Amino acid sequence: MKWDEFSGWGRRIADWAQDYHLTVGDRPVRANTEPGDVLDSLPLFPPEGGEDMEAIFADFEEIVMPGITHWQHPRFFAYFTSNAAAPSVLAEFLTAAIAPQCMLWQTSPAATELETRMMDWLRQSLDLPGEFQGVIQDSASSATLAAVLTMREKALNWQGNQQGLFAQKPLRIYCSSEVHTSVDRAIWVAGIGQQNLVRVPIKGTWRGMDPAALRQAIEADIAAGMQPAGLILCVGGTGTGATDPVDDCLKIAEEYGLYSHIDAAWAGSAMICPEYRHYWPGVERADSIVFNPHKWLGVQFDCSAHFLKNPDDLVQTLAISPEYLKTHGKDGIINYSEWSVPLGRRFRALKIWFLIRSYGLEGLRDRLRNHINWSTKLHDTLALEPDFEIITPPMWSLWTFRYAPQGTEDLDALNLALVNAINDDGRIYLTQTRVDGDLVIRFQAGQFETTEADVMMAHTVICEIAAQL
Ligand SMILES: *Cc1c(COP(=O)(O)O)cnc(C)c1O
């Protein structure tokens, strides 16, 4: 293909994309393919000669699309959403066309400076103090890894990268049982070891860390000759929206000199609305905070916003500067690759800029508030159904329930059967989690174009399919 054929195809794909988004609600949400179906449709060998774009596009529709689960479907209520609002998709198209690699300031000054400004727009939107500076990471997992590496280096007086961990006291990092698995992975990758990730017990309806138990755990570790290094809190955990008492826990972290990181990957987006900020009082005490604008806010995947109170700690942990990466003669520039594990960086700030300008913060807040209100309304109606139990109450737009008709022996099996039957039906998409060992069904609303009718349809579908089991 030559570039002078590009615009014809670009228009055709733009038409296809618009039509896809306008009609995706007519498709089953979850792909109904069997393992191997797509693989078996793909040629075993790459072609030696070039093929026509017409044939390639036809195969895309025929082979790929049936195997896609529709994350942009208005009745996607599984996991968390991964939104792609129209203006952010346009920005991503432009980014794909210019394809800059934004590792250093000089490898695209506009990308770096737009990133600085966008991260400050997001900081203001969340009402974080001006001392926080931000960087866009590829994922919350990467931000959490960067934070854990910083915990390690700070605790080891910046010697870990040089000396490794062999001769060191065990470093201890504290979190609740409700944190995302990306925390475990960060601990593994940082060489700290799973056994040094201390799970502090939780309590209360928010399923948050018990501060008294945190203090006890730190004291016990110090007494045992180990070295407390960091605290990881969750605000809006993945299973049930678990939220730690941020202020109380961060005060303890300050007292013991622990570096602190808050994982608000999903719920952080809701903090653009002042009325949800009571979920993280004292957030300004944190050293590091991550949230994913690509989840709920509407920015096309991927885009993870990482705020740091003192970026120098992170830069001292990760910066490496061989001659070929140096920029001489420019003062005050930022090379964001020194703030992240990967060197190469996509131009992600453009899609934040397009999104926020297109809807305005108020337009984005309206959507989030609607999702939370509609989800709560669905919760209220399902709570009235005699055969259903609410297991965890709405945290933002996430809550969990269980189908528990009288006399059922194996509720886990029944609920697994229910969630599978619902997803085979295709009108809505839900996933399960475990709460205190029991298998329960999660509901969350957050798709950018979902409506109240879409959310309320879940009531009909859940009750209808449960009755058929
Ligand atoms: C989704 C999620 C993550 C992982 O996010 P990635 O960007 O996919 O790495 C981490 N923590 C929480 C609470 C999440 O909801």
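**Legends to close-up views of a predicted model**

**View 1. Charged side chains and the overall fold of the predicted model.** The protein carries 37 positive and 60 negative side chains, and the centres of these two sets lie 6 Å apart; Lys and Arg count as positive and Asp and Glu as negative, with His and the chain ends not counted, and each charge is placed at NZ of Lys, CZ of Arg, CG of Asp or CD of Glu. This is a predicted model, in which local features need pLDDT of at least 70 and side-chain atom pairs count only at pLDDT 80 or more, whereas totals for chains, interfaces and linings use all residues. Residues are numbered from 1 along each chain as its sequence is written, and side-chain values use heavy atoms, with hydrogens and water left out. The secondary structure comprises 15 helices and 13 strands, which are DSSP runs numbered from the N terminus (helices: H or I, at least four residues; strands: E, at least two).

**View 2. The two assigned domains.** Domain 1 covers residues 3–81 and domain 2 covers residues 101–346, with bounds that come from an automatic or database domain assignment. Taken over C-alpha atoms, the centres of domain 1 and domain 2 are separated by 35 Å.

**View 3. Helix H15 and Gln-468.** Gln-468 lies in helix H15, which spans residues 452–468. Gln-468 is exposed because its relative accessible area is 59%, where buried means under 20%, exposed over 50% and partly exposed in between (1.4 Å probe, protein chains only). The C-alpha atom of Gln-468 is separated by 62 Å from that of Ala-167, a residue 301 residues apart from it along the chain.

**View 4. The cis peptide bond at Asp-302.** The peptide bond from Phe-301 to Asp-302 is cis, with omega near 10°. Asp-302 is found in the loop between helix H11 (293–297) and strand E9 (304–308).

**View 5. Arg-207, with positive phi.** Arg-207 is a residue other than glycine whose phi is positive, near 50°. The loop that holds Arg-207 runs between strand E4 (202–203) and strand E5 (208–209). Since its relative accessibility is 12%, Arg-207 counts as buried.

**View 6. Asp-436, with positive phi.** Although Asp-436 is not a glycine, its phi is positive, at about 45°. Asp-436 sits in the loop between strand E12 (431–435) and strand E13 (438–444), and it counts as exposed because its relative accessibility is 64%. Most residues other than glycine have a negative phi, and most peptide bonds are trans.
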